Amino acid sequence: MSVKLGVAPIAWSNDDMPELGRDTPLEQCLSEASQAGYSGIEAGGKFPKTSKELLPKLEKFNLQLCSGWHGAHLLKNSVKEEMIKIRQLLDLLKDCRAPCITFAEVTEGIQGDQNKALSKRPQLDKETWKIFCDKITEMGRRLEDENMPLAYHHHMGTYIQNETEIHRLLSDTDPKTVSLCADTGHMYFAGIDPVRYFENNMNRIKHIHFKDLRSNIFNNLNFKEVSFLKAVLRGVFTVPGDGCIDFEAISNEIIKSKYGGWIIVEAEQDPAIANPLKYAMQSKQYLNKIWGN
């Protein structure tokens, strides 16, 4: 099976920091994603909410919708309530034949707060862990019933951030209905060796984000003071091939596993500083060398 390479719209317009790329039109994002050579793109805040509006735009640029992010509040909501909140995105992904939904619990998360240091992120107690995992499992089952697999996205500043938490989540949920959206950048940021993780856990990975880090910036971050978004603004993230992560070794593990899903190039950067088209093309050329086109 062959992997498919897509790109995230966050390089053009950042939904967590609307000031980054606020004036960039969706048409430019889609056009440049296609120009850079990608065949898919994830949904973003500027995307139409119905397939009737979105599909013609994707077809114009020969792009496929390959996932979309849902920030859940299952620790506050019932599964039924969360299904209502996810319905519009779910229908869009189904109508556009996306292979999965990217799902993350963001209750009390600080990933979107520029003034809260990463050291202040929330953590779950033993009792709440069971409630949480039971709800994620039920959510996964309901989404599976609609042929839209749940790919859980671990994320800095949320309950599921480090390797212990990822492992516990996957161990305590149903492997038939809960998989992982593995993000290399968030792994490295959280102290996880991405190469080793991919080597040992490809059986639970449904969707992949390729994101790199600039070690000269990352190594000078003070987690007791810096927020996730301030780290982004300092330029900690970049595209594959421009940072310190060994994507060739990771790709070798993906190839050995016979994974046939999407790999999404993603990097939260200020488009006024890091031209999205330039970096999208640069990363695509780098990945082409690894994957032999």
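**Close-up views of a predicted model**

**View 1. Phe 189 and Phe 237, two buried rings.** Phe 189 is buried, and Phe 237 is buried too (buried means under 20% relative accessible area, exposed over 50%, partly exposed in between, with a 1.4 Å probe and protein chains only). This is a predicted model, in which local features need pLDDT of at least 70 and side-chain atom pairs count only at pLDDT 80 or more, while totals for chains, interfaces and linings use all residues. Residues are numbered from 1 along each chain as its sequence is written, and side-chain values use heavy atoms, with hydrogens and water left out.

**View 2. Aromatic pairs.** Searching the whole structure turns up 11 aromatic pairs (rings of Phe, Tyr and Trp, the last by its six-membered ring, pair if their centres lie within 6.5 Å; planes under 30 degrees apart are stacked, over 60 edge-to-face and the rest tilted). For Phe 189 and Phe 237 the ring centres sit 5.7 Å apart with the planes at 45°, so this pair is tilted. Phe 189 belongs to helix 6 (residues 184-189) and Phe 237 to strand 10 (residues 237-238), so the pair ties together parts 48 residues apart in sequence (helices, H or I with at least four residues, and strands, E with at least two, are DSSP runs numbered from the N terminus). Phe 218 and Phe 223 make an edge-to-face pair, at 6.2 Å centre to centre and 75° between the planes. Of these two, Phe 218 is buried at 13% relative accessible area, whereas Phe 223 is partly exposed at 30%. One aromatic cluster takes in Tyr 188, Phe 189, Phe 218, Phe 223, Phe 228 and Phe 237.

**View 3. The largest nonpolar core.** This core has 88 residues, and Phe 189 and Ile 254 touch the most other members (a nonpolar core is a set of buried Ala, Val, Leu, Ile, Met, Phe, Trp, Tyr and Cys residues joined through side-chain atoms within 4.5 Å). A second, separate core has 5 residues, among them Ala 8, Ile 10, Cys 66 and Trp 262.

**View 4. Around Ile 254.** Leaving aside residues up to four places away in sequence, Ile 254 touches Val 3, Phe 198, Met 202, Ile 208, Phe 210, Tyr 259, Ile 263 and Trp 291 (contact means heavy atoms within 4.5 Å).

**View 5. Helix 1 and its cover.** Leu 26, Cys 29, Leu 30, Glu 32 and Ala 33 are buried in helix 1 (residues 26-35). Their cover includes strand 1 (4-7), strand 2 (40-41), helix 2 (51-60) and helix 11 (276-291). Just past helix 1, Gly 37 has a positive phi of about 105°.

**View 6. His 155 in its loop.** You'll find His 155 in the loop between strand 6 (150-153) and helix 5 (163-171). His 155 is buried, at 6% relative accessible area. Not counting residues up to four places away in sequence, His 155 touches Trp 69, Gln 111, Ile 160, Gln 161, His 186 and Phe 228.
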